[in-house]
Amino acid sequence: MWIRDVRPWGGDLSDVRLEGEVVAEVRPAAGGTGSASAEVAERHTADLRGRGRLLLPAFADVHVHLDSTRLGLPFRPHTGGTGVWELMLNDRAHWRTAEVGIVERVERTLGLMVARGTTRVRSFAQVDVDAGLERLEAVLAAREAHRERAEVQVIAFPQAGLLREEGSAQVLEDALRAGADVVGGIDPCSLDRDPVRHLDIVFGLAERYGVPVDVHLHEPGELGRFSADLVLERTVALGMQGNVLISHGYGLWDGTERQTRDLVERLAEADVATATVAPGGRQTLPLELLAGQGVRVGLGEDGQRDYWSPYGNADMLDRTWQLAFTHGFRRDELVEHCLAVATRGGATIMDRSLGRLDGVGDRPGVAVGDRADLVLLAGETPTAAVMDRSPDRTVLHRGRVVAEGLELV
């Protein structure tokens with residue numbers, strides 16, 4: 001199949017040939033957007049008309065809680081308290097009382113994500129003594145329902161910690177046996193108050209089942225950096241480079257310039273990735289420094305209008321705008337880097353065989369040999385596309401069109 005008249009990363013008008021699941025050829029457009037190109041398209045009815053749109057890698061949401069979504073349901077005022085434990089209890093009190101069942105909610109939200117341009121997803125599924133494996137099973141069911149439209153990795157996530165409620169560690173292991181792809185951890189100091197035991201369980205399960213690790217860190221300042229140090233030490237000691245991710249890391253970047261640079265260098269050396277949800281305030285990442293050192297950075301939407309927060313709409317292009325806005329980026333190169341993080345950056349976390357982004361100017365993902373997970377997007381330039389966020393999108397997964405104009409096909 002040919003994709004006619006597209007501009008890879010906003011460059012020259014090109015025709016792109018797909019063979020199966022990969023990009024096989026990129027060449028100058030046969031005749032621009034005029035009659036010659038139209039005649040070519042008429043002769044080859046299987047061709048996809050780009051209409052001069054941008055061609056980008058499809059989005060990769062590598063931090064989303066599909067199991068708590070309320071997208072598409074009546075709006076409920078936020079009732080959560082403050083802090084991770086109280087917010088978790090609020091979610092626990094309400095997630096079963098939604099207007100429709102959890103399987104339907106999760107499947108619908110995943111479909112919305114695909115329709116808006118996301119074909120790689122890393123979703124958490126809360127496993128604890130309250131939910132058991134029910135929430136995990138809902139995410140696994142949604143993955144199966146959309147298996148031809150998206151690649152989904154599922155993280156068994158102990159949102160309530162591993163030591164505060166008896167039986168939590170066993171449920172986490174049960175989730176890995178049931179099909180989870182990644183083992184999660186959370187705030188080993190501030191939530192479980194025993195980082196050694198917490199990380200013993202998480203990394204022990206990772207070794208036993210041969211899965212990656214993803215640790216939520218909401219911990220502030222020095223406490224957060226202490227937990228990150230422990231995660232880095234275990235990663236290197238166990239030879240798990242490239243298989244560990246620190247999510248959020250809110251408190252990691254408010255230290256001195258020397259502390260920030262040292263931590264970035266250690267993350268790069270251990271190939272420990274990080275994922276952000278682009279929060280406001282002072283909780284921004286040193287994106288330019290991370291890119292310069294080759295640290296894998298991905299973006300996600302976190303919860304999507306759930307019992308934790310009213311934000312989130314299944315649109316990673318909106319979240320890309322938020323990433324650029326919260327970092328105060330105005331230069332095109334930096335706004336486009338946010339697009340690279342939201343697309344190829346997340347892909348490198350889910351597929352460690354993909355090379356890391358090489359600085360803020362790297363624009364990979366649409367070259368010969370790349371997997372044809374692509375999005376055609378209206379916009380004069382990539383930066384304009386982030387600012388305007390047009391609904392004129394065509395989404396491809398593994399070389400096949402799966403969504404058009406924000407609707408699944």
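The model is predicted. The protein has 12 helices and 17 strands. Its radius of gyration is 21 Å, close to the 22 Å that the globule rule gives for 409 residues, so the protein is as compact as a globular protein of that length. The largest pocket holds about 610 Å³ of space.

**Overall build**

- Along the principal axes, the C-alpha atoms fill a box of roughly 70 × 50 × 40 Å.
- Of the 409 residues in the protein, 58% are buried.

**Strand S11 and its partners**

- Strand S11 spans residues 244–248. It is mostly covered, with five of its five residues buried.
- Strand S10 (residues 213–217) pairs with S11. The sense is parallel, and the pairing runs over five bridges.
- Within this pairing, His-216 stands opposite Ser-247 in S11.
- From S10, the chain crosses through helix H7 (residues 221–237) to reach S11. This β-α-β crossover is right-handed.
- S11 also pairs with strand S12 (residues 272–276). Here too the sense is parallel, over four bridges.
- Leu-245 stands opposite Ala-273 in S12.

**The largest pocket**

- How much space lies in the largest pocket? The value is about 610 Å³.
- The pocket is lined by 28 residues. Closest to its centre are His-248, Tyr-250, Asp-302, Trp-308 and Ser-309.
- His-248 belongs to the range of strand S11, residues 244–248.
- Helix H2 (83–94) and helix H10 (316–326) each supply at least two residues of the lining.
- Which element gives the largest share of the lining? That is H2, with four residues.

- Asp-302 is among the residues closest to the centre of the largest pocket.
- The residue is found in the loop between S13 and H10.
- Its phi is positive, at about 65 degrees, although Asp-302 is not a glycine.

**Leu-299 in strand S13**

- Leu-299 lies in strand S13 (residues 297–299).
- Is Leu-299 buried or exposed? Its relative accessibility is 0%, so Leu-299 counts as buried.
- Leu-299 and Gly-345 are 46 residues apart in sequence. In space they are 7.8 Å apart, C-alpha to C-alpha.

**Leu-406 between S16 and S17**

- Where does Leu-406 lie? It sits in the loop between strand S16 (400–404) and strand S17 (407–408).
- Leu-406 has a positive phi of about 70 degrees, although it is not a glycine.
- The relative accessible area of Leu-406 is 21%. Buried means under 20% and exposed means over 50%, so Leu-406 is partly exposed.

Technical notes:
Residues numbered from 1 in each chain as written. Predicted model: local features only at pLDDT ≥ 70, side-chain atom pairs only at ≥ 80, totals over all residues. Heavy atoms only, no water. 1 Å grid on protein atoms, 1.4 Å probe; cavity = no way out; pocket = protein on both sides within 12 Å on 5 of 7 lines; lining within 4 Å. Points joined across faces, edges and corners; volume = space filled by probe spheres on them. Buried < 20%, exposed > 50% of the residue type's maximum accessible area, 1.4 Å probe, protein only. Pairing = 2+ DSSP bridges. Right-handed = clockwise from strand over helix to strand, strands pointing away. Rg over C-alpha atoms; globule rule 2.2 N^0.38 Å.
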